[in-house]
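Please look over the sequence and the structure below before reading on.

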Amino acid sequence: MDRDASPESFLTPTHRLTLAVIHVAVLLCYVIINRLMSHLGGGTTFEIWLDQYVPLWPTWVVPYVLSIIWWGVAILWAYLKMEDSLYVTFITGWISACLIGYSVFVFCPNYMIRPQVTGTGWAEWLIRFIYANDRAYNAFPSQHLWDTVIITLIWSRWKPKWRWLLWGSTVIVALSTLFTGQHWIVDVFGGTLVAVVGYFIGLVIAPRLRVSFWRRPRHPRRRQPESGW
């Protein structure tokens with residue numbers, strides 16, 4: 001369908017690529033903030049009494065890592081196939097969630113007290129690798145959860161037949177953040193709440209952007225004057 005022929009298709013390829021680049025750039029800001037807050041130190045934890053009963057279960061690092069791969073797949077898939085209006089909801093909702101979460105990281109510094117990893121197997125090695133490259137700061141709210149939940153919310157609208165599989169996988173991801181010692185229980189609920197808020201912000205923003213793009217004046221190609229004899 002011609003993108004100029006219907007308000008349902010209002011993004012040009014340049015618009016779509018720009019949104020994708022901004023989205024990825026915002027996601028990468030986590031690394032900068034993580035290093036910065038670790039360098040500054042201080043802060044607090046959101047540990048509650050229930051956290052003492054959560055064991056370190058190294059094999060849960062598998063769904064933890066797979067979820068990161070799923071984010072990349074989802075971002076590319078949405079960029080290539082998702083309808084414009086839902087794509088704008090997806091991008092603006094995810095970016096909004098990031099901005100909310102990053103604000104908490106900066107203005108309320110917090111960290112995770114990680115367990116001692118004593119095993120020598122592949123799962124323990126992978127957890128040590130994660131610990132070495134992802135500082136203990138930026139625990140609440142869990143970005144692992146808000147990234148996963150925002151995808152699940154959008155995909156539940158886009159692919160409703162997958163809803164139960166998506167939510168079941170999200171629960172597994174939530175458990176993996178606990179059993180790998182990456183997050184407290186409160187972090188998981190905080191990340192979920194941030195995703196829901198970001199999702200609704202995206203739902204509000206998308207229609208406004210659609211109207212803005214659709215009303216933007218078009219510049220049709222100039223007709224060449226007909227030559228006469």
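The term pLDDT stands for the predictor's confidence in each residue, on a scale from 0 to 100. This is a predicted model, in which local features need pLDDT of at least 70 and side-chain atom pairs count only at pLDDT 80 or more, while totals for chains, interfaces and linings use all residues. Residues are numbered from 1 along each chain as its sequence is written, and side-chain values use heavy atoms, with hydrogens and water left out.

The protein has an average pLDDT of 90, and 88% of the residues reach at least 70. Over residues 218–222 the pLDDT stays under 50.

Helix H2 (residues 61–81) and helix H6 (residues 163–179) have axes that come within 8 Å and cross at roughly 125°, where axes are lines fitted to C-alpha atoms, for helices over the stretch in contact, and angles run from 0 to 180 degrees between N-to-C directions. H2 and H6 are therefore oblique to each other, since angles under 35 degrees count as roughly parallel, over 145 as roughly antiparallel, 65 to 115 as roughly perpendicular and the rest as oblique. Their contact (heavy atoms within 4.5 Å) is made by residues including Tyr64 and Trp70 of H2 and Ile172 and Thr177 of H6.

Threonine 177, which lies in helix H6, counts as buried because its relative accessibility is 0%; buried means under 20% relative accessible area, exposed over 50% and partly exposed in between, with a 1.4 Å probe and protein chains only. Leaving aside neighbours within four places in sequence, threonine 177 contacts Tyr64, His144, Leu145, Gln182, His183 and Val188.

How values were computed: Helices (H or I, at least four residues) and strands (E, at least two) are DSSP runs, numbered from the N terminus.
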